[in-house]
Amino acid sequence: MISSSLLAMATLVDILLGVKLQNCDVDSTSTEKRSLSKVRSNTLSSAEAAFCMHKCFLDVLKSKSAVIRSATYSLLTSYIKHVPHVFDEETMKKLSPTILGAFHEKDASCHSSMWDTILVFSRKFPEAWSYCNIHKVVLSRFWNFLQNGCYGSKQISYPRLVQFLDSIPPKAVMGQQFVFDFLHNLWDGRNQRQLSAADSLAFCIAFKHIFLWLLENVSRYPF
């Protein structure tokens with residue numbers, strides 16, 4: 001299956017490129033270290049080639065299969081962490097609107113891996129925000145995401161909201177209007193029917209953290 005192949009590739013990148021040679025066991029022989037270095041080099045070359053060949057995996061990210069989309073998010077997260085040099089300016093122009101604007105993803109089974117990609121990407125490449133229309137592509141989808149109760153992933157999404165707020169460049173928001181839109185859409189999503197006790201708890205905890213964060217960062221949003 002495509003999803004299995006994507007996840008297997010993500011695992012290989014995480015394991016083989018996430019290893020630091022200097023942390024190898026002191027008893028390891030120089031031959032073992034050379035072998036590991038060769039494996040890492042081959043893995044890196046293969047990862048670079050695959051990224052280019054599959055056009056940043058944008059096609060599979062548009063798959064109708066939620067399983068494939070989720071696996072693609074996981075693979076992109078691995079690339080961001082361990083093969084960041086493939087994200088050149090041209091690639092950023094293509095990927096930034098797709099990753100930062102991923103909030104149109106309506107399948108809750110994708111949201112954990114989606115959030116991982118968004119947060120890792122925005123932390124690793126803060127300049128990525130300049131490659132997309134933040135208000136039309138990112139925030140408009142984000143407002144809908146909140147308004148619709150995170151499309152069913154409240155317990156996954158609510159705990160990540162503060163991290164996302166922290167990643168948005170201050171210049172990208174419009175003070176009072178941004179805060180109003182955020183809280184208004186968040187509350188609308190809370191008022192959906194059939195809200196479970198776990199969802200309510202997740203909302204209450206998130207709202208408290210968001211409120212405290214806004215108080216601490218009020219200077220970022222000139223009124």
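Buried means under 20% relative accessible area, exposed over 50% and partly exposed in between, with a 1.4 Å probe and protein chains only. The model is predicted, so that local features need pLDDT of at least 70 and side-chain atom pairs count only at pLDDT 80 or more, while totals for chains, interfaces and linings use all residues. Residues are numbered from 1 along each chain as its sequence is written, and side-chain values use heavy atoms, with hydrogens and water left out.

**View 1. Surroundings of phenylalanine 164.** Phenylalanine 164 touches Phe103, Trp115, Ile118, Leu119, Trp129, Val138 and Phe142, residues up to four places away in sequence not being counted; contact means heavy atoms within 4.5 Å.

**View 2. The pair of phenylalanine 103 and phenylalanine 164.** The whole structure holds 24 aromatic pairs, where rings of Phe, Tyr and Trp (its six-membered ring) pair if their centres lie within 6.5 Å, and planes under 30 degrees apart count as stacked, over 60 as edge-to-face and the rest as tilted. Phenylalanine 103 and phenylalanine 164 form an edge-to-face pair, 5.1 Å centre to centre with 70° between the planes. Both phenylalanine 103 and phenylalanine 164 are buried.

**View 3. The pair of phenylalanine 142 and phenylalanine 182.** This pair is stacked because the ring centres of phenylalanine 142 and phenylalanine 182 are 6.1 Å apart and their planes stand at 25°. Phenylalanine 142 is buried, its relative accessible area being 0%, and phenylalanine 182 is buried with a value of 1%.

**View 4. The aromatic cluster.** One aromatic cluster is formed by Phe103, Trp115, Trp129, Phe142, Trp143, Phe145, Tyr151, Phe164, Phe178 and Phe182.
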